[in-house]
Structures are given as structure tokens and as C-alpha cells.
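Welcome, and please have a look at the model below. A short tour follows, with the cut-offs given along the way.

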Amino acid sequence: MAELSARQGRFADAIGIYRHLVRASEATSTQSPDDAARVARWNARIAELEAGGAGAAALAPPPAAAAKQPASAARASEPAQAPLPANDSSRASLVIHEPVRSGQVIYAEGRDLIVVAPVHSGAQLLADGNIHVYGPLKGRAVAGTRGARDAQVFCLTLEAELVGVDTGYVTSDDIAPGVWGGPARVCLTPDGVCTVIGLSAGKRAISAAANPARRIL
């Protein structure tokens, strides 16, 4: 997700996401060599984005190559440990009552995220568990960011720029007109393809299976 922001010229968003990942990883009591190497890559990428300005976007891998990049945004938050469950009953959900404005990044670490207000364009939601938006979702939302492939995104009005679970995602261009603008849920199929399902009667599921760039493994 950070690299997607960088490719779109949203360098401040990308830097914010990478810094959050660095802080979360450094707060862990024990770190493996892989964790330390991942943090080093994130810090190096932060330096590139801060120093490179417009040229930093060229350093981001194109979508088709993302599957080969160990620091790709969709996998950047995966720790060297067993995936967290989508519902962690030991931690209460993070509930946001205020509208999420453009440029804001909200991350529910180790739990579900519930937003009972609109999510505006340019805002970003991240959660290790499920994401529930009881209002219009116009920004970006990715659930299961630490490997919880059974996590899901639910919203009352789907108008998102990007939604996904773990390593799979779809953009607004992938969402069928019959699903766009209505209540929907986003989940992964058993083979890891992100699927959007309309919750209203008669709305059918669509998937991004035709585009391998939508699955970052």
C-alpha cells in the first residue's frame, strides 16, 4: 500500500505508512534477522522518498513486478511469525467515531477496525483483523495486513479507491457497476484472489483474477 501511494505521487502517505511499520516492528520485544533486514529496507525507502521527491516514484516497482519484491507494500507488514487471526478476542476493536479525512492513516494493530463515520478520498484504513465502515468508504482499506487471509472488509457504501485483504486487492476500476455505491464485503477466495460481493439482493461477486498484479505474493 505504501508503494502504491508512492507510484501515485502520494509521497507523504507512503512515508507515513513506512514509519508506522518501522515503529511497530521496533516495538516488538524480539526481532529475527529477517525483521531487522525488513526494517532496514523500510528506513532506506523512507530516505529515498524524502530525498527523491518526484523522482522517488520511479524507484517503486511496477505492479507486475511487485510479486518479486520482498518489501512490497502488501507484504511489508507481515512479521516473521504465525499470522494473526482475523478476530483477536483478546483485544477490543478500534472504533473511530469521527470522519476519516484525506491524508489520514488509521491502523488497528492486532484487532478489528470499526469506523462509524465517512471515510473520505485519500484516507487509508489498515487493520490486522476485519474492517467495518458504517458509512461511505471512498479512500483505501486493507484488512488482514499481517497475514490474516480470512479477514474481510465490510462497508455500507463502496466507493473506494482500493480495497483488499492481505496480499490481494482491487481498485475502483475493478469494481462492477452493480456493486459500486452499495453495501459490500471484500474477501479472499481460497486461491488468494480478492473478491468484492454486493450485499444487496441481486448483486453478484466480481474478482480480479484476470490481473495477476492484483495478487502480491
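## Ground rules

Helices (H or I, at least four residues) and strands (E, at least two) are DSSP runs, numbered from the N terminus. This is a predicted model, in which local features need pLDDT of at least 70, side-chain atom pairs count only at pLDDT 80 or more, and totals for chains, interfaces and linings use all residues. Residues are numbered from 1 along each chain as its sequence is written, and side-chain values use heavy atoms, with hydrogens and water left out.

## The β8–β9 hairpin

Let us begin at a turn. Asp166 sits in the loop between β8 and β9, two strands that form a hairpin with 2 residues between them. The phi of Asp166 is near 55°, a positive value in a residue other than glycine. Is Asp166 buried or exposed? With a relative accessible area of 3%, Asp166 is buried; the word buried stands for under 20% relative accessible area, exposed for over 50%, and partly exposed for what lies in between (1.4 Å probe, protein chains only). The side chain of Asp166 also makes a polar contact of 3.0 Å with that of Arg149. Such a contact is a pair of N or O atoms within 3.5 Å; within protein, one must be able to donate a hydrogen and the other to accept it, and residues adjacent in sequence count only if both atoms are side-chain atoms.

Leu162 stands opposite Thr171 in β9. Both faces of β9 are covered: Gly168 and Val170 are buried on one side, Tyr169 and Thr171 on the other.

## The open sheet

Which strands make up the open sheet, and in what order? Its 5 strands follow the order β2-β4-β6-β8-β9, with mixed pairing. At the edges are β2 (105-108) and β9 (168-171), each of which pairs on one side only. Neighbouring strands of this sheet are turned by 10° against each other on average, direction ignored; here axes are lines fitted to C-alpha atoms, for helices over the stretch in contact, and angles run from 0 to 180 degrees between N-to-C directions.

## Around β5

Strand β5 (residues 131-137) has 5 of its 7 residues buried, so it is largely enclosed by the rest of the structure. β5 runs parallel to β3 (residues 113-115), joined to it by 3 bridges, and Ile114 has His132 in β5 as its bridge partner.

Thr145 lies in the loop between β6 (140-143) and β7 (153-158), and is buried at a relative accessible area of 6%. The side chains of Thr145 and Asp128 are joined by a polar contact of 2.7 Å.

## Helix α3

Now for a helix. The 20 residues of α3 (residues 33-52) should span 28 Å at 1.5 Å a residue, and the end C-alpha atoms are 28 Å apart, which agrees; the expected span is 1.5 Å times one less than the number of residues. The buried residues of α3 are Asp35, Arg38, Val39, Trp42, Arg45, Ile46 and Leu49. Seen down the axis, they fall within an arc of 120°, so they line one face of the helix; the arc is that of the directions from the helix axis to the C-beta atoms. An α-helix has 3.6 residues a turn, so residues three or four places apart point the same way.

The face of α3 turned away from the buried side carries the exposed residues Pro33 and Ala51. Ala40, also in α3, is partly exposed at 45% relative accessibility. Ala40 and Val22 are 18 residues apart in sequence and 8.8 Å apart in space, C-alpha to C-alpha.

## Cysteines

How many disulfides are there? Taking a disulfide as a pair of cysteine sulfur atoms within 2.5 Å, the count comes to 0. Cys194 is in no disulfide, and the nearest cysteine sulfur, that of Cys187, is 7.5 Å away. Cys194 is buried at 1% relative accessibility, and Cys155 is buried with a relative accessible area of 5%.

Technical notes: Pairing = 2+ DSSP bridges.
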